[in-house]
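Q: Could you walk me through this structure? I have not seen it before.

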Amino acid sequence: MFERFTRGARATVKGAVAQAERAGADSVTEEHLLLALLEQEGGRTSFAVTALGLHDRRASLDAAFAEARRRGGLTRADTDALADIGIDIGAIVSRVEGAHGEGALAAGRTGRRWWSGHRPFTRGAKTVLENSLRVALGRGDRFIGEEHLLLALTAKPGVVADVLAEHGATYATVRRALYGPDADGGQGHAKAG
């Protein structure tokens with residue numbers, strides 16, 4: 001699959017590893033892939049990210065990811081579902097942090113490394129990479145570019161898709177920003193799943 005990655009997509013994957021290293025994370029996550037995409041310059045994806053206002057709201061994105069890590073990686077949907085049955089995640093997080101310190105529920109920062117010293121990709125990050133191939137094939141593309149990675153991030157339910165949606169970047173809005181108002185080009189809706 002990686003032979004289909006464009007230079008920009010490969011740079012994004014390498015950038016995600018660098019993001020994980022800077023954050024001191026044990027593994028590369030979907031969040032790291034998104035942050036690496038936000039750092040890319042030039043090209044269709046950079047234009048789309050700018051058009052959607054994500055560059056200007058980087059601090060807000062970082063804060064949303066920090067809050068999700070505080071919740072132990074629970075999505076808004078998870079938090080809302082638990083609230084519907086009377087479980088207040090905010091109260092639980094406060095009690096855990098009161099007893100064990102701030103960020104006690106944040107995962108992936110234990111300092112373990114594989115024997116090789118390389119950071120593995122989480123299951124979610126691997127799924128995004130796999131779904132980028134599905135997005136590319138659905139569009140009829142023979143390559144996997146940064147744009148396919150971005151679309152795959154919005155298509156996979158989870159914290160990254162939630163945070164992007166809160167900032168106005170859904171699968172549909174990203175597709176329109178990347179390919180214009182006639183984004184489907186008569187091919188139907190190609191969405192990774």
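Q: Let us begin with α8: what covers its buried residues?
A: The cover of the buried residues of α8 includes α1, α2, α3 (43-51), α7, α9 (159-166) and α10. Buried means under 20% relative accessible area, exposed over 50%, and partly exposed in between (1.4 Å probe, protein chains only).

Q: How many residues of α8 are buried?
A: Ten of its ten residues are buried, so α8 is largely enclosed by the rest of the structure. Among them are E146, E147, H148 and T154, and also L149, L150 and L151.

Q: What kind of model is this, and how are residues numbered?
A: This is a predicted model, in which local features need pLDDT of at least 70, side-chain atom pairs count only at pLDDT 80 or more, and totals for chains, interfaces and linings use all residues. Residues are numbered from 1 along each chain as its sequence is written, and side-chain values use heavy atoms, with hydrogens and water left out.

Q: How many helices and strands are there?
A: The protein chain has ten helices and zero strands. Helices (H or I, at least four residues) and strands (E, at least two) are DSSP runs, numbered from the N terminus.

Q: How much of the chain is buried?
A: Buried residues account for 43% of the 193 residues in the protein chain.

Q: Moving to α7, what is its span?
A: The end C-alpha atoms of α7 (residues 123-139) are 24 Å apart, which agrees with the 24 Å that its 17 residues should span at 1.5 Å a residue. The expected span is 1.5 Å times one less than the number of residues.

Q: Which elements cover the buried residues of α7?
A: They include α1 (7-23), α2 (30-39), α8 (146-155) and α10 (171-179). Contact here means heavy atoms within 4.5 Å.

Q: And R139, does it belong to a helix or a loop, and what is its nearest side chain of opposite charge?
A: R139 is found in helix α7. R139 is buried yet has no salt bridge, and the nearest side chain of opposite charge, D141, is 4.2 Å away. A salt bridge is a side-chain nitrogen of Lys or Arg within 4 Å of a carboxyl oxygen of Asp or Glu; Lys and Arg count as positive and Asp and Glu as negative, while His and the chain ends are not counted.

Q: What comes just after α7?
A: There, G140 takes a positive phi of about 85 degrees.
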